[in-house]
Amino acid sequence: MNLLLLTLWAQLPTLPGSEPPPPPARFEEAVETATVASNDKSYDRPAPRPLPEGPVEEASGPIHRLVFDGMVNPGMGHFIIDGIETAESEKAQLVLLEIDTPGGLVSTTQDIVQALLSSQVPVVAWVTPSGAHAASAGTFITLAAHVAVMAPATRIGAAHPVTGSGQDPEAAGGKHMARKIENDLLAMVEGVAKARGRNAEWAKDAVRDSVSADAEKALEIGVVDLVARDRTQLFEALEGRVVVVGDRKLALHPQGAEIVERTPSLRDQLLNLLASPGIAVLLGVLGFLGIIVEIYSPGLIAPGVLGVLALLCSLVAVEQLPIDVGGVLFMLAGVGLLVAELYTPSFGALGFLGVGALGLGSVLFIDLSDPNYDLDPSFALDIWDVLPSLLLVGGFIIWLSSFVVRRKRAPSATGMESMVGRRARVLRPVDGSGGQVFVEGEYWRARSKGARFESASTVEVVEVDGMTLVVDAAD
């Protein structure tokens, strides 16, 4: 199981009664080396890195704004990576990544960091609003951006790895496994910090000892580049700032630029929902319960199918199963369940599960928001194109299920019980002792419950007593 980089914030510090100090009027980077304390340890601010030789290009174009608010999971990872690729393809000036996260999956964090380090468009990571944090995995992501910014009263750090259940890796997998995980993340965060010219020693302590820093301390020790309380101040500080993107030097000009709001696609929102801790735990429990019920009560089918689908969802959510492979499996399962509904008396259960699996698979299989998806927009399908088909199939399953239920409840069409309710013509007078009637082309002995019915009269069969029909007056 991949590790979750969850922040440890069970005990929040009490806020002082005095007003917080106002943010600096300008957000310029200090050039001299400073030594300050952070979490009872002093750190030397790294010296500013000289810019490479070569001309400076003037950046232009829109600003793509991405709001990263929540756990680091496959949904958020695809949202950020696709947002960067889209900004590159649309010649954006920069990507403004607003962060507020407690952490998340290591595998997704690695993917995001790789995308940030290789991005051909400047990425400004801004921990905002006040009170937000870039904890755990958020520390890696913030450090990997071209420009790292924090709003006042935000915090960053506490990046020691823990397991998905919140345990220390040593308690879950032994000291050797814990050392491997920690050393790998230490090398990763040190490389990211050095690549961006940030405080590598503090970054390693954030992983090793879970140290953290508020915005002002992070600025002083060189963890971030700027502190800005709002977008206006941020753009003022970024105006004319030169950043290195690949082998180019770009001067940013965000003031007055168009801001393009990017929102997660339906696929990303679904993955984000599935990967939330509460939903992930619920899916795992439902999956195992469904399979256990099927094992102890063979033949129910629906609980076992539901359990397998729930486990598939959880595997996709924590990246143990590739998302596109999961989409294919869901679609195949959906088609199989719809076919099985025609041959299995499940009263619509398999059909509804099939419709759900088919819809889920269609969303996961292809991400139309991916800029690398080479399909003419005229062929693209959105939810309103897919929904009618799903509703049509769902309506058919409802009709088929109701038809089966009605047939099950209907009187038997064969055997002695089928005679009840039928009309009969009296051939010989019928009374309490006997008589004869003609029903559906057959001659039957009959008796009444006391009344007498003469020949050629019409009666109704109300009961079957052995080989004798009990009749009464027809309505």
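I began with α3 and listed its buried residues: A137, G138, T139, F140, I141, T142, L143 and A144. The model I am reading is predicted. Helix α3 spans residues 137-144 and is mostly covered, with eight of its eight residues buried.

Next I looked up α10. This helix runs over residues 277-296, which is 20 residues. I checked its span from first C-alpha to last. It reaches 29 Å, close to the 28 Å expected at 1.5 Å a residue.

Which residues of α10 are buried? I noted A280, L283, G284, G287, G290 and E294. I then viewed α10 down its axis. The buried residues fall within an arc of 135°, so they line one face of the helix.

I turned to the face of α10 that points away from the buried side. There I found the exposed residues G278, V281, F288 and Y296.

What covers the buried residues of α10? The cover includes α9 (266-275) and α11 (302-317).

Last, I went to P48. Where is P48 found? I placed P48 in the loop between β2 (41-44) and β3 (56-58). P48 has a relative accessible area of 41%. Buried would need under 20% and exposed over 50%, so I logged a value in between as partly exposed. That is the entry for P48: partly exposed.

I also checked P48 against G197. The two residues are 149 apart in sequence. In space, P48 and G197 are 7.2 Å apart, C-alpha to C-alpha.

Key. Residues numbered from 1 in each chain as written. Predicted model: local features only at pLDDT ≥ 70, side-chain atom pairs only at ≥ 80, totals over all residues. Heavy atoms only, no water. Helix = DSSP H or I, 4+ residues; strand = E, 2+ residues; numbered from the N terminus. Buried < 20%, exposed > 50% of the residue type's maximum accessible area, 1.4 Å probe, protein only. Expected span 1.5 Å × (residues − 1). Arc of directions from axis to C-beta. Contact = heavy atoms within 4.5 Å.
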